[in-house]
Amino acid sequence: MDLGSHGGFIVAAYAFTALVMAGLIGNAVRDRRAQLRALKGFGEDRR
Amino acid sequence: MTPSLWTRLSNPSHFMRWSGALVPWLAALSVGLVGLGLYLTFFVVPPDYQQGETVRIMYIHVPAAWLGVFFYGAMSLSAIGTLVWRHPLADVAQRAAAPIGAAFTLICLVTGSLWGKPMWGTYWVWDARLTSMLILLLIYCGIIALWRTLEEPNRAARAVAILTLVGAVNLPIIKFSVNWWSTLHQPASILRMGGSTIDPSMLYPLLIMIAAATLGGTTLHLYAMRTEIMRRRVRTLTIREAERLDRTQPRLTPKPAGMPVGQPV
């Protein structure tokens with residue numbers, strides 16, 4: 001696929017979006033695991 | 001939807017049940033729709049006669065802009081729910097939405113900037129639309145910072161709800177900035193009187209990307225709301241445990257005899 005002379009800008013825009021989305025999803029999953037661990041510590045296992 | 005059904009769905013325990021079953025399906029649907037949207041963006045959409053291939057940036061820029069505004073709108077409604085009805089899920093919804101809305105606003109600003117350099121010859125201009133979107137990002141950051149500053153959840157919820165409602169003034173400014181002022185940013189081309197100005201070959205893939213992003217954002221929001229409910233449960237259990245330990249353990253400094261509780265020493 002030829003993205004033309006401005007291909008760098010297109011790739012940068014999609015790469016940045018992918019990076020932010022990965023961060024957002026990764027942070028959400030990490031936070032969920034931390035809360036589940038804490039709940040487990042109290043003898044609760046809610047999902 | 002009848003009020004009783006709404007009340008039942010928004011009860012935190014019921015919410016945990018139905019959202020737990022829904023989130024995996026929504027996530028799978030979002031991934032499928034994003035895949036279809038990206039395929040159409042890169043392999044079906046023709047290059048624009050003016051923008052050329054750079055138009056493909058619009059397929060992430062426009063959905064991100066929509067979601068940045070959408071989540072703030074949702075937060076404003078939740079803020080009313082917090083202040084008027086003190087609904088337990090309203091504050092949870094607001095807190096979970098803020099980082100997601102901020103992330104999409106950031107994506108909108110950066111992708112717009114990357115589009116602007118080849119098209120306008122500059123990464124940034126202090127144009128009304130761009131500036132009002134930057135203000136939206138700053139409001140999101142302010143809200144997140146305020147939450148982290150205030151320890152007591154009820155106080156934080158009220159303060160954040162007021163700040164959110166004050167910031168909601170920015171939403172119509174964002175929408176109508178391109179009509180009210182002479183801006184470098186193009187006027188509305190999807191939601192406008194007289195219909196869209198975009199050719200169907202480009203419009204439908206764009207609508208699919210907007211739908212995919214909305215579905216993905218909603219899934220993330222539900223997921224984050226569930227985590228927030230768990231965090232509050234952990235906080236309650238921690239306080240309960242601390243109180244129990246406080247009751248059972250002997251005091252290191254005995255109370256002076258004969259002095260009423262609460263009296264300054």
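Helix 3 and helix 4 of chain B are roughly antiparallel to each other, a term used for angles over 145 degrees, because their axes cross at roughly 155°. The model is a predicted one, in which local features need pLDDT of at least 70 and side-chain atom pairs count only at pLDDT 80 or more, while totals for chains, interfaces and linings use all residues. Residues are numbered from 1 along each chain as its sequence is written, and chains are lettered from A and ligands numbered from 1 in the order in which they are written.

The two helices of this pair, residues 58-85 and residues 88-120 of chain B, have axes that come within 7 Å, the axes being lines fitted to C-alpha atoms over the stretch in contact, with angles running from 0 to 180 degrees between N-to-C directions. Helices here are DSSP runs of H or I with at least four residues, and strands are runs of E with at least two, numbered from the N terminus. The crossing of helix 3 with helix 4 of chain B is left-handed, that is, the near helix is turned anticlockwise from the far one by less than a right angle.

Chain A has 1 helix and 0 strands, and its C-alpha trace spans about 60 × 15 × 5 Å along the principal axes. Of its 47 residues, 11% count as buried, which requires 20 or more other C-beta atoms within 10 Å of the residue's own, with C-beta atoms placed from the backbone. Across the interface, 24 residues of chain A are in contact with 27 residues of chain B, where contact means that the C-beta atoms, placed from the backbone, lie within 7 Å.

The largest nonpolar core has 61 residues, and those with the most contacts inside it include Ile57(B) and Phe104(B); such a core is a set of buried Ala, Val, Leu, Ile, Met, Phe, Trp, Tyr and Cys residues joined through C-beta atoms within 7 Å. Its largest share, 16 residues, comes from helix 4 of chain B. Leaving aside neighbours within four places in sequence, Ile57(B) is in contact with Phe9(A), Ile10(A) and Ala13(A) as well as with Thr111(B), Leu114(B) and Trp115(B).

Elsewhere in chain B, Ile139(B) is found in helix 5 and is buried, with 23 other C-beta atoms within 10 Å. Not counting residues up to four places away in sequence, Ile139(B) touches Gly167(B) and Asn170(B).

Conventions:
Contact = placed C-beta atoms within 7 Å. Parallel < 35°, antiparallel > 145°, perpendicular 65-115°, else oblique. Buried ≥ 20, exposed ≤ 12 C-beta atoms within 10 Å, placed from the backbone.
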